[in-house]
Amino acid sequence: MNARSQTFELEVEGHQVDEAVASIFHTVLFHRSLGKFCYKQEGSYSVGTVGYEDVDCDFIDFTYVCCSSYYLDQTLKREISGFSEALRGNDGPGSGQISLEFFQKKKTRWPFHTECIPWEVWNLRLELIKLNNEHERQLCREKVGELLTEKILYVADVMNRHDYVPKMPNQSELDLIFDTTYPDIQPYLFKLSFTTSGPTTVSVGSTMKKLIKETLSL
Amino acid sequence: MMVSGSPQPPSLLSARLSAQDKKDLDKFTKFLALKSAQIIVQSRMGEKISTRCNPESSGTDWFNLAIKDLPEVLAEAKSAMNKGGPRLPLCVEIFLKTAEGDTMVLENWAVGVKPEMVDPSVRVTYTVYNRMGILLKSLVSVTRVTPAYKLSRRQGPDSYVICYKIYVGEPQLTNLGEGYNSMKVGQLSTPVGTIYLSVAYRTKMTISPQPSNDSSIMVKSDHFRPESSPKHGRPNSVDSDPLSETIKSGAFAESLKKPRLPPDFDPLADIPFSSLLSLGKPPKKASPSVTDTLVPDDTPTQDDSDNGNVTPKCPSLSDDFIMVDLKTPFAGSNANTDLGLFYRECQSAPQLEAFANDPPVLDQVGDLTKQLEAFETNLLEYDNVITQLCNADNNN
């Protein structure tokens, strides 16, 4: 698949994970959501209005904008907190990646499932850091805010390159392109997924590789 | 599948822009500019914005985006655009106004068209309109991350308020101070040119003295409007300015005289007293009795004893060190001299108390006479001791 993909890397404290991810993904979804389509007759439809609201972060000196859609926010919160828990749990690995993937569906003949073709992927790699005192925490609040500023500017830059987005479908194929389950807004079909992997796993893997290599060379 | 095909030669297509398309494009561009002004001004009002999604829009919301229209902003933008000349670039200048009435320009947003970059292939009614919607969404997002956003959220009638000015013409960026940043929010191609949205913003938020040979560190809150400075009676007064976080008026408030400091004195140095630890410059290590050596020749001589800039009078200091007693911000009137004394004590070995308590020379001379007399009277005794010692030697 030749979906375009963007990858961001960030070092944050545990408390900041949810807000850091939400600020970037909400900004992307704000750009990738349209007003709800309302069909009158085939071929004629009206487009609803997208509202937006400012969100102040608690653990980062930062404000971002998201669509004012309660259900869209719930979807995002649920997925992000799953990632956050896996990352920050007692035996959490301390680093991981969460992805926001936009895709379109392609109908296939029975018995095959509908094919999902991604067209844009946003990856966010996070590394957890430990802070020792309030002074460091304050500096980290500001630093992460500055880093997120860069990311938001980059998102705006990508959105205004006007690269490929799926063609506007007709009514019968609307849900192959858009997520029509939200009552107030119509984002392009998207899904969130995450992986977490700690530095220990990496080192074990590379040690094994080295062992096998050495065995083979003998 | 690509939405935007590769641009075709303009000669073939320029004629294809119908009168209707041209009219639509004009209208879209006008509303893009008007809505941009609304987004920018509303983001600087100091409050969180929240507009509702409306799935059953009646079609009155431009670009399918719920942007409130403030009548005052709309009127300002319209009057700027309807002056008869060109309507773009439309600029929105955001500036800060202190309670005292001083102003500082923070940022300048601009919507304009570059006519030399055209893309005749884009569909006006559909593609251009949707891309304008995306551009406005980017503007909404970006207005929250430039430095002026945080300032605007902290505004208040007692400290400062954020104001705006809307005008048509080339952006005036000179009043953004040195080292301002510019960046593009986004752009989109149309058959008549590329529409862009950009911002330039001030990076130096702290008011600091301009580098010059003048040894004055006088700082004014109207620093950026030098022509108006004489109106203000107290040139040192910066206390009303919330931006001057490193310089408070308290430091020099005791004296109405111009403080005289070494030209290399850095009032913004992070470490208080750090200048105490640096060595004096070689040309200035003249004899310590000349108290004005640290003051450049062009400065009128004044009695500066109450201004805190005093050269040391302690002759025991080593030559390469010049003590500067500074009246520093936040310090009590005597705190800095304590540190100075402490430093002096550390600079060279302390004097022994035995020497410090020496009696006067005349007394010492009198003592000597008495001692000589005592020795003479005891002469016999000393002789006996020596004889005894000699005898003891013989025994060995």
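A residue is called buried under 20% relative accessible area, exposed over 50% and partly exposed in between, with a 1.4 Å probe and protein chains only. By that rule His162(A) is buried, because its relative accessible area is 13%. The structure is a predicted model, in which local features need pLDDT of at least 70 and side-chain atom pairs count only at pLDDT 80 or more, while totals for chains, interfaces and linings use all residues. Residues are numbered from 1 along each chain as its sequence is written, chains are lettered from A and ligands numbered from 1 in the order in which they are written, and side-chain values use heavy atoms, with hydrogens and water left out.

## The two chains

Helices (H or I, at least four residues) and strands (E, at least two) are DSSP runs, numbered from the N terminus. Accessible areas come from the Shrake-Rupley method with a 1.4 Å probe; for residues, only the protein chains shown count as cover. The table sets out both chains.

Contact means heavy atoms within 4.5 Å. In chain A, 70% of the contacts between residues at least 6 apart in sequence join residues at least 24 apart. For chain B, residues 24 or more positions apart account for 71% of the contacts with a separation of 6 or more.

## The interface

The size of an interface is often given as the accessible area lost when the parts come together. Buried area here is the accessible area (1.4 Å probe) that two parts lose on being put together, summed over both. Chain B and chain A bury about 3400 Å² between them, and 57% of this is on carbon and sulfur atoms. Chain B brings 39 residues to the contact and chain A brings 35 residues.

Three salt bridges are found across the interface of chain B and chain A, a salt bridge being a side-chain nitrogen of Lys or Arg within 4 Å of a carboxyl oxygen of Asp or Glu. Asp56(A) forms a salt bridge with Arg153(B), and their closest N and O atoms are 2.5 Å apart. A polar contact is a pair of N or O atoms within 3.5 Å; within protein, one must be able to donate a hydrogen and the other to accept it, and residues adjacent in sequence count only if both atoms are side-chain atoms. Across the interface, 18 residue pairs are in polar contact, both residues at pLDDT 80 or more. On the side of chain B that touches chain A, the elements giving two or more residues are α4 (124-143), α5 (147-153) and β4 (181-190) of chain B. The largest share of that side, nine residues, comes from α4(B).

Arg44(B) is in the loop between α2 and α3 of chain B. This residue counts as buried because its relative accessibility is 2%. A polar atom of the Arg44(B) side chain lies 2.8 Å from the backbone oxygen of Thr143(B). Leaving aside neighbours within four places in sequence, Arg44(B) is in contact with residues including Glu107(B), Trp109(B), Tyr149(B) and Gln155(B).

Gly156(B) lies in the loop between α5 and β3 (160-168) of chain B and is buried, at 16% relative accessibility. The C-alpha atoms of Gly156(B) and Gly46(B) are separated by 8.7 Å, with the two residues 110 apart along the chain.

## Backbone geometry

Most residues other than glycine have a negative phi, and most peptide bonds are trans. His162(A), in the loop between α3 (134-159) and α4 (174-177) of chain A, has a positive phi near 55 degrees. Asn64(B) also has a positive phi, of about 55 degrees. Asn64(B) lies in the loop between α2 (19-43) and α3 of chain B and counts as buried at 17% relative accessibility. The peptide bond from Leu88(B) to Pro89(B) is cis, with omega near 0 degrees. Pro89(B) sits in the loop between α3 (71-81) and β1 (90-98) of chain B.

## A nonpolar patch

Patches are made of residues with over 30% relative accessible area and no salt bridge; like charges are joined within 9 Å and nonpolar side chains (Val, Leu, Ile, Met, Phe, Trp, Tyr) within 5 Å. Leu372(B), Phe375(B), Leu379(B) and Tyr382(B) make a nonpolar surface patch of about 400 Å². Helices α9 (361-377) and α10 (379-395) of chain B each supply at least two of the patch residues. Tyr382(B), in helix α10 of chain B, is partly exposed because its relative accessibility is 37%.
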